[in-house]
Amino acid sequence: MAAKPTREERRDERTTEIVDIAARLFAEHGYAETGVSELCDAVGLGRGALYHYIESKDRLLGRIHQRVTEILIPHGQAIVDGPGSAPDELRAFGELTIGTIAAYPDHVWVFMHERKGLSGELREQLRVQRHAFESQLASILEHGVHEGSFAVDDTRLAVLAWFGMHN
């Protein structure tokens with residue numbers, strides 16, 4: 001017989017559900033255009049209960065961004081640290097990026113379009129995380145230049161172009 005989920009596990013599950021619903025709403029209507037009352041209706045909670053799970057609408061937006069970075073950054077680093085050739089790494093990095101977009105389209109849409117809704121510490125945290133992911137791609141490209149697989153004159157421009165094509 002399976003063990004009954006703990007209070008913390010149930011809370012985490014419900015928070016994840018709220019984050020997923022909010023990602024859908026923010027992707028459909030925009031962060032600024034989605035009110036707390038709409039969120040409450042969509043998740044079936046009153047305002048106080050909703051804030052019990054999310055703390056603030058700003059924190060909720062941060063959690064959506066965090067969901068994306070929690071997938072991309074560790075998996076991206078594993079690719080960079082792996083034994084593969086630069087073309088293999090670049091292919092795997094592309095599969096990671098596209099796979100994340102396919103698995104979490106609403107979250108990624110919010111990640112791409114709603115970062116201006118974040119402020120203070122959350123905005124800075126996201127800036128650092130985005131930079132880390134971009135740096136992983138730059139590392140792969142530089143590895144490819146070093147091993148003679150790629151001819152890249154401007155790594156920063158190549159990173160921006162690569163992400164532009166994948167996003």
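Analyst: The buried residues of H7 are Leu-122, Leu-126, Gln-129, Arg-130, Phe-133, Gln-136, Leu-137, Ala-138, Ile-140, Leu-141 and Gly-144. Buried means under 20% relative accessible area, with exposed over 50% and partly exposed in between (1.4 Å probe, protein chains only). Helices (H or I, at least four residues) and strands (E, at least two) are DSSP runs, numbered from the N terminus.

User: What should I know about the source?

Analyst: This is a predicted model, where local features need pLDDT of at least 70 and side-chain atom pairs count only at pLDDT 80 or more, while totals for chains, interfaces and linings use all residues. Residues are numbered from 1 along each chain as its sequence is written, and side-chain values use heavy atoms, with hydrogens and water left out.

User: OK, what covers the buried residues of H7?

Analyst: The cover includes helix H4 (57-81), helix H5 (86-103), helix H6 (105-113) and helix H8 (155-166).

User: And what follows H7?

Analyst: Gly-148, with a positive phi near 85°.

User: Now Leu-90. Where is it, and is it buried or exposed?

Analyst: Leu-90 sits in helix H5. It counts as buried because its relative accessibility is 19%.

User: Which residues is Leu-90 in contact with?

Analyst: Setting aside neighbours within four places in sequence, they are Leu-137, Ile-140, Leu-141, Phe-150 and Trp-162. Contact means heavy atoms within 4.5 Å. Leu-90 and Ile-140 are 50 residues apart along the chain, yet 6.5 Å separates their C-alpha atoms.

User: On to pockets. How much space lies in the largest pocket?

Analyst: About 290 Å³. A pocket, on a 1 Å grid over the protein atoms alone, is an open set of points where a 1.4 Å probe fits, with protein on both sides within 12 Å along at least five of seven lines; lining residues have an atom within 4 Å of a point. The volume is the space filled by probe spheres set on the points.

User: Which residues lie nearest its centre?

Analyst: Of the 16 lining residues, Phe-111, Met-112, Arg-130, Phe-163 and Asn-167 do. H4, H5, H6, H7 and H8 each give two or more residues to that lining, and H8 gives the most, with 4.

User: What about the second largest pocket, what volume does it have?

Analyst: About 170 Å³. Its lining includes Glu-55, Arg-59, His-65, Leu-122 and Gln-129. H4 gives the most to this lining, with 5 residues.
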